Amino acid sequence: MLAHLAELSPPARSVPPLEITLPGSDRLVLPFTSHFRSDPVDCSTRSTFELDLSLMFDADDALREYAQTGGPEFEADGRIQIGYIYATIRFESLMHPGYTSVECWAATSRMSRLFARSANIRKVFTDLTADSGGVCCLFDTGDGAPEQVCWLNGEPTQETVSGPLFPDRRALVATWPDPGE
């Protein structure tokens with residue numbers, strides 16, 4: 001998923017790339033920072049690490065409105081960089097230790113509200129989950145609304161956690177395949 005995230009970064013960056021050593025000793029060079037620094041990160045002996053992401057999104061009505069009310073301007077290709085997105089990568093997910101999770105947060109409340117309104121932002125994260133072989137994309141607005149399941153076991157969906165199909169996260173995780181298979 002990290003390589004897919006890198007494909008969404010702005011074309012011009014003013015910070016040096018970040019080298020990451022993953023568990024198993026694979027290495028990646030990413031156009032992001034960790035704690036706003038570009039020092040190499042060795043994740044071979046840790047269970048989590050943080051990234052500061054800057055991603056590009058295709059225009060939709062919510063992103064156009066955001067840009068018109070004091071947000072950044074669109075690039076020539078019609079995409080927009082909305083600000084920092086903070087990501088925590090857990091090599092053992094809190095929901096299920098057999099899976100890795102990538103948890104992303106908007107840097108500001110205004111951006112968080114934008115995430116909730118923009119279909120294209122939701123699509124980016126759902127597509128990242130699908131393209132990387134992820135089992136679940138869970139969208140949480142952070143405002144007390146039910147979490148929305150956007151992707152589950154290879155299929156797009158629009159179910160909610162605390163809804164009839166998934167009364168809680170435990171019920172959602174129970175639908176995931178055994179990671180050892």
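Student: Which residues lie nearest the centre of the largest pocket, and what makes it a pocket?

Tutor: Ser101, Val102, Glu103, Cys104 and Cys136 lie nearest the centre, out of 40 lining residues. On a 1 Å grid over the protein atoms alone, a cavity is a set of points where a 1.4 Å probe fits but cannot get out, while a pocket is an open set with protein on both sides within 12 Å along at least five of seven lines; a lining residue has an atom within 4 Å of a point. This is a predicted model, where local features need pLDDT of at least 70 and side-chain atom pairs count only at pLDDT 80 or more, though totals for chains, interfaces and linings use all residues. Residues are numbered from 1 along each chain as its sequence is written, and side-chain values use heavy atoms, with hydrogens and water left out.

Student: What is the volume of the largest pocket?

Tutor: About 1300 Å³. Grid points are joined across faces, edges and corners, and the volume is the space filled by probe spheres set on the points.

Student: Which elements give two or more residues to that lining?

Tutor: They are helix 1 (2-6), strand 6 (101-106), helix 3 (109-117), helix 4 (119-131) and strand 7 (136-139). Strand 6 gives the most, with six residues. Those names come from DSSP runs, numbered from the N terminus: helices are H or I with at least four residues, strands are E with at least two.

Student: How does the lining of the largest pocket divide by class?

Tutor: There are 25 nonpolar, ten polar and five charged residues. Ala, Val, Leu, Ile, Met, Phe, Trp, Tyr, Cys and Pro count as nonpolar, Asp, Glu, Lys and Arg as charged, and the others, Gly among them, as polar.

Student: And what about the second largest pocket: what volume does it have, and which residues lie nearest its centre?

Tutor: The second largest pocket has a volume of about 200 Å³. It is lined by 13 residues, with Leu8, Asp58, Lys123, Val124 and Asp127 nearest the centre. Strand 4 (48-58) and helix 4 each supply at least two residues of this lining, and helix 4 has the largest share, six residues. By class, the lining of the second largest pocket divides into five nonpolar, two polar and six charged.

Student: Why is Thr88 called buried?

Tutor: Buried means under 20% relative accessible area, exposed over 50%, and partly exposed in between (1.4 Å probe, protein chains only). Thr88 has a relative accessible area of 9%, so it counts as buried. Thr88 lies in strand 5 (residues 79-90). Leaving aside neighbours within four places in sequence, Thr88 is in contact (heavy atoms within 4.5 Å) with Phe49, Glu50, Ser101, Val102, Glu103 and Trp105.

Student: Is Ser25 buried or exposed, and how do you know?

Tutor: Exposed: its relative accessibility is 53%, and the cut-off is over 50%. Ser25 sits in the loop between strand 1 and strand 2. Its phi is near 75°, a positive value in a residue other than glycine. Most residues other than glycine have a negative phi.

Student: What makes strand 2 and strand 3 edge strands?

Tutor: The open sheet runs in the order 2-1-3, with mixed pairing. Strand 2 (27-30) and strand 3 (41-42) each have a single partner strand, so one side of each is left without a neighbour in the sheet.

Student: Last one: which residues touch the most other members in the largest nonpolar core?

Tutor: Leu51, Phe57 and Ile82, among 38 residues. A nonpolar core is a set of buried Ala, Val, Leu, Ile, Met, Phe, Trp, Tyr and Cys residues joined through side-chain atoms within 4.5 Å. Apart from this core lies another, of ten residues, among them Tyr99, Val135, Val149 and Phe166.

Key:
Pairing = 2+ DSSP bridges.
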